[in-house]
Amino acid sequence: MKNIIVLLCLFFLGCKQEPRLFDDPIFDKEKARILKLAEKYIDATPVTVTAESCGRSAGGIHDFYSEGDYWWPDPENPEGPYIRKDGMTNPDNFTAHRYAMIRLSQICGALASAYLITDDTFYVKQLVPHLKAWFIDETTLMNPNLEYAQAIKGKVTGRGIGIIDTIQLLDVVKAIIAIQDANLLSNEEVTKLKTWFANYLRWMDTHPYGISEQAKDNNHGACWFLQAAVFSEFTENERMQAYVKEKFKKVLLPCQMAEDGSFPKELNRTKPYGYSLFNLDIMTGIAQVISNTNENMFVFDHEGRSIKKGVEFLYPYIKNKADWPYEKDVLHWDDWPVRHPFLLFTGRSLDNMEYLDIWNQLDADFDNPEVIRNMPIRYPLIWLN
């Protein structure tokens, strides 16, 4: 009898599953947050760009439209072209499409993360209708371009910098990748999703707006490349994946980062703290996507410039914000920092528990619209899968 018991014990020990990534206690707080949010979004109705339109848009009902944040009516010519006030967001500009897209990213990110945590396909079933509405259903889908984003009244009907608006699709695409093994999307539906993002990526890469945007030497250029990295990962565009990696090494790091790890272009803005955090999140997101077992892009060094160096520069001012030696942000100074993904991604890559611990301590339940808009990686678990 004893022999049988021993054999049974050995059998069950041998069948024991390998520990899953999210079993690490560092994720306990995040998992609780995710499951609470997922319940909030279970019965959400899809809302796409066709739900609301703006008479100032030069596009049609399926075209995404937004207006430049820092552009205001001219007091000396109220009916004339808008004037710019850097860092000062005009609350009267049209933002409905942007917030519909943010809502999509919140829903997809929460439900896909809940699926990864629980293996329960119920969450995927609630997510799929949103993907179909935005990218497949011809009555409600969004056209795969951003020709009418960041328009300015009296000046332009759209601008290249508008491409930054679709950073809100990053968590959406990561969610699609995370749920594919649930097999609740047909092969035809997956193909249509890939086609939409392949078409959008092609537009980003060939339209004059996209060409000018990827050449920017600040957070706008970084955002172009993070989108290209994620969208090409999903669409299996190896050419673009190689292009992103090359540009990260030879252009983004050397052109955006100073030798001390700071981003001078962001420090020169009226919100230097927030912009520095934002750009480091974006650059670290690129490193997270393009790293592999053969090449860790967190430690890749270009003449002393690296993601590791960038985090080392900013980390002391997250740990103790009062030591920030530059100007305070003109708006939202008190709302930063939050639970920035660069701390998690870098902490895991470099096995740095100090980064991981402070990531775990920071607030992830922020509700300030400006913070939400500038935190496109809100569900980092789907980036680790």
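Is lysine 265 buried, partly exposed or exposed, and what is its relative accessible area? Lysine 265 is partly exposed, at 42%. The views below come from a predicted model.

**View 1. Salt bridge between lysine 265 and aspartate 217.** The N to O distance of this pair is 3.5 Å. Lysine 265 belongs to helix 10 (residues 264–267), while aspartate 217 sits in the loop between helix 7 (208–214) and helix 8 (219–235), so the contact ties together parts 48 residues apart in sequence. Aspartate 217 is partly exposed, with a relative accessible area of 34%.

**View 2. Salt bridge between arginine 98 and aspartate 165.** The closest N and O atoms are 3.2 Å apart. The pair links distant parts of the chain, 67 residues apart: arginine 98 is in helix 3 (residues 96–118), and aspartate 165 is in the loop between helix 4 (122–135) and helix 5 (170–179). Both residues are buried. Arg98 and Asp165 also belong to a network of salt bridges with Asp69, Lys271, Glu370 and Arg373.

View 3. Glutamate 246 is partly exposed at 39% relative accessibility, and lysine 250 is exposed at 57%.

**View 4. Negative surface patch.** Asp334, Asp335, Asp363, Asp365 and Asp367 form the patch. Aspartate 367 lies in the loop between helix 14 (353–361) and helix 15 (369–373). With 67% relative accessibility, aspartate 367 counts as exposed.

How values were computed
Residues numbered from 1 in each chain as written. Predicted model: local features only at pLDDT ≥ 70, side-chain atom pairs only at ≥ 80, totals over all residues. Heavy atoms only, no water. Patch = residues over 30% accessible without salt bridge, like charges linked within 9 Å, V, L, I, M, F, W, Y side chains within 5 Å. Areas by Shrake-Rupley, 256 points an atom, 1.4 Å probe, with all protein chains shown as cover. Salt bridge = Lys/Arg side-chain N within 4 Å of Asp/Glu carboxyl O. Lys, Arg positive; Asp, Glu negative; His and termini not counted. Charge placed at Lys NZ, Arg CZ, Asp CG, Glu CD. Helix = DSSP H or I, 4+ residues; strand = E, 2+ residues; numbered from the N terminus. Buried < 20%, exposed > 50% of the residue type's maximum accessible area, 1.4 Å probe, protein only.
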